[in-house]
Amino acid sequence: MKIADVVAAHARSAGDVVRTLLLSASWAQGELWLKAESLQPIGAFKLRGAVNAIGRLQPGTRARGVVTHSSGNHGQAVAWAARAAGIPAVIVMPDAAMPVKVEATRALGAEVIIAPGARRELVADAVRAERGMTLIPPYDHADVIAGQGTLALEMLEELDDIDTVLVPIGGGGLISGVGVVVASLPPRTRVVGVEPELAADARDSLASGRRVEWDAGSTYRTIADGTRSPVVGEITFPLWRSGAARWHAGRRAPRSTPVRPGTPR
């Protein structure tokens, strides 16, 4: 994937995705800027990837609708993007999904199917085969990754001389898209992956040099449901691992080190 793919995604989604604010965190040590993706219509960055992926479908394919599996945020993003495109959407959600996210997804007009967490991908694939829908994965998809990376483009237009970018890791879609963009910066800029200790499959994968899968049930011990993916994606892992000399993955950002992302333009 190249930065041109992210630039094209940004142009494609401009009419639907909010260009969110960069907010200065005055309470933090050093300079810390927060990309306020909570201001997206569904309250999360996931809208970027869903809008781009659906927008890339051929009209005839898009008309048959889309399906995905998600614990909440990506499901809401696909539901929102599908409604905007005037097409049907089916969202397969785990039986442990937060009720508020299930209801929010239904409120966006999607059909919600509840399935055991370990089977949600299988159920989504069965729906795809039976109904002729297109599967929009939560992270392991080039168009989703390019869409997520658009927030980094916006960040670079507002900040100079970035030292560190902190990115949450679930399946790796966001950190992959951000990494493609950050690769265009001076080598001293680093990306730090942040994930829960109770779902640290990305840390283990980076350490071993291969995708390490956690037991799905174990990841449900963390309240951070958006980062519970038991294993990073087949597409995303080599994308962010390829920059390992410049990238750092960990369970949390060091508290003792000020983060100085840059100076606002």
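**Helices, cores and local features**

The buried residues of H1 pack against H2, helix H7 (142-148), helix H8 (150-158) and H9. This is a predicted model, and what follows should be read with that in mind. Within helix H1, which spans residues 3-13, the buried residues are Val6, Ala9 and Ser13. Viewed along the axis of H1, these buried residues fall within an arc of 60 degrees, so they line one face of the helix. Ala4 and Ala11, by contrast, lie on the other side of H1 and are exposed. The spacing of such residues follows a general rule: an α-helix has 3.6 residues a turn, so residues three or four places apart point the same way.

In soluble globular proteins, nonpolar side chains tend to be buried together. The largest nonpolar core of this model has 27 residues, and those with the most contacts inside it are Ile42, Leu47, Ile54, Val66, Val78 and Ile136. Helix H2 (46-55), helix H4 (73-85) and strand S4 (89-94) are the elements that give two or more residues to this core, and its largest share, six residues, comes from H4. A second, separate core has 25 residues, including Leu151, Val167, Val182 and Val191.

When its neighbours within four places in sequence are left aside, Ile136 is in contact with Ala53, Ile54, Val66, Val67, Thr68, His74, Val78 and Val144.

Strand S8 (residues 164-168) and strand S9 (residues 190-194) run parallel and are joined by five bridges, with Pro168 standing opposite Val194 in S9. Together with helix H9 (residues 173-182), S8 and S9 make a right-handed β-α-β unit.

Asp161 lies in the loop between strand S7 (159-160) and S8, and Asp161 has a positive phi of about 55 degrees although it is not a glycine. Is Asp161 buried or exposed? Its relative accessibility is 53%, and because the cut-off for an exposed residue is over 50%, Asp161 counts as exposed.

After H10 comes Gly209, whose phi is positive, near 80 degrees.

The structure holds one aromatic pair, formed by Phe237 and Trp240 in an edge-to-face arrangement, at 5.4 Å centre to centre and with 80 degrees between the planes. Both residues lie in helix H12 (residues 236-241), three residues apart, which is about one turn of the helix. Phe237 is buried, with a relative accessible area of 6%, and Trp240 also counts as buried, at 2% relative accessibility.

Note on methods:
Residues are numbered from 1 along each chain as its sequence is written. This is a predicted model: local features need pLDDT of at least 70, side-chain atom pairs count only at pLDDT 80 or more; totals for chains, interfaces and linings use all residues. Side-chain values use heavy atoms; hydrogens and water are left out. Two strands pair if DSSP finds at least two bridges between them. Helices (H or I, at least four residues) and strands (E, at least two) are DSSP runs, numbered from the N terminus. A crossover is right-handed if, with the strands pointing away from the viewer, the path from the first strand over the helix to the second runs clockwise. Buried means under 20% relative accessible area, exposed over 50%, partly exposed in between (1.4 Å probe, protein chains only). Rings of Phe, Tyr and Trp (its six-membered ring) pair if their centres lie within 6.5 Å; planes under 30 degrees apart count as stacked, over 60 as edge-to-face and the rest as tilted. A nonpolar core is a set of buried Ala, Val, Leu, Ile, Met, Phe, Trp, Tyr and Cys residues joined through side-chain atoms within 4.5 Å. Contact means heavy atoms within 4.5 Å. The arc is that of the directions from the helix axis to the C-beta atoms.
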